[in-house]
Amino acid sequence: MTVTYAWGNLGDNYPGEAAGAGRIVGSTLKLERLPNGADVSFVMAPDGALAGTVTLAGQTYTGAFLKQ
């Protein structure tokens, strides 16, 4: 699948966007490595929350998107 990923300030990385490919396996969406070197994945939890993980320059950032 084709994806567009956008981000705000993240560590030393300024806001931006990147297009690429992603793949869903089970309940996990894993994106191909972004041009800035980030690895990004999202997992759908049973409660409907979408948990995201970004690894960039040796740092890992996590967050959850909650359905309202």
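Predicted model: local features only at pLDDT ≥ 70, side-chain atom pairs only at ≥ 80, totals over all residues.
**Stop 1: the whole protein**

Start with everything shown as a cartoon. How many helices and strands does the protein have? There are 0 helices and 6 strands. If you trace the chain from the N terminus, the order of elements reads β-β-β-β-β-β. The radius of gyration is 12 Å, close to the 11 Å that the globule rule gives for 68 residues, so the protein is as compact as a globular protein of that length.

Now turn the model around and look along its principal axes. Taken that way, the C-alpha atoms fill a box of roughly 35 × 25 × 20 Å.

Of the 68 residues, 25% are buried. If you colour by charge, you will find 4 positive and 5 negative side chains. The centres of those two sets lie 9 Å apart.

Take the contacts with a separation of 6 or more: residues 24 or more positions apart account for 13% of them.

**Stop 2**

Select T2, which sits in strand β1, residues 2-7. Is T2 buried or exposed? Its relative accessibility is 72%, so T2 counts as exposed. T2 and G20 are 18 residues apart along the chain, yet their C-alpha atoms are separated by 5.8 Å.

**Stop 3: the aromatic rings**

Show the side chains of Y5, W7, F42 and F65. Ring pairs link these residues into a cluster. How many aromatic pairs does the structure hold? The count is 3. Begin with Y5 and F42: the ring centres are 6.2 Å apart and the planes meet at 55°, so this pair is tilted. Y5 lies in strand β1 and F42 in strand β4 (residues 39-44), so the pair ties together parts that are 37 residues apart in sequence. Both Y5 and F42 are buried.

Keep F42 selected and look across to F65. The centres of these two rings are 6.4 Å apart, with the planes at 45°, so this pair is tilted. Here too, distant parts of the chain are linked: F42 is in strand β4 and F65 is in strand β6 (residues 59-65), 23 residues apart. Compare how covered the two partners are. F42 is buried, at 13% relative accessible area, whereas F65 counts as exposed at 52%.

**Stop 4: S41 in strand β4**

Step to S41, which lies in strand β4. With 18% relative accessibility, S41 counts as buried. Which residues does S41 touch, if you leave out those up to four places away in sequence? Select T28, L29, K30, A51, G52 and T53 to see these contacts of S41.

**Stop 5**

Move to N9, in the loop between β1 and β2 (16-25). N9 is exposed, with a relative accessible area of 64%. Leaving out residues up to four places away in sequence, N9 touches Y14 and P15.

**Stop 6**

Select A57, found in the loop between β5 (50-56) and β6. The backbone deserves a look here: phi of A57 is near 50°, a positive value in a residue other than glycine. A57 is exposed, and its relative accessible area is 74%.

**Stop 7: into strand β6**

Finish at Q59, in strand β6. At 46% relative accessibility, Q59 counts as partly exposed. Q59 and G11 are 48 residues apart along the chain, and their C-alpha atoms are separated by 8.3 Å.

Definitions and conventions: Residues numbered from 1 in each chain as written. Heavy atoms only, no water. Helix = DSSP H or I, 4+ residues; strand = E, 2+ residues; numbered from the N terminus. Buried < 20%, exposed > 50% of the residue type's maximum accessible area, 1.4 Å probe, protein only. Phe/Tyr/Trp six-rings, centres within 6.5 Å; stacked < 30°, edge-to-face > 60°. Rg over C-alpha atoms; globule rule 2.2 N^0.38 Å. Contact = heavy atoms within 4.5 Å. Lys, Arg positive; Asp, Glu negative; His and termini not counted. Charge placed at Lys NZ, Arg CZ, Asp CG, Glu CD.
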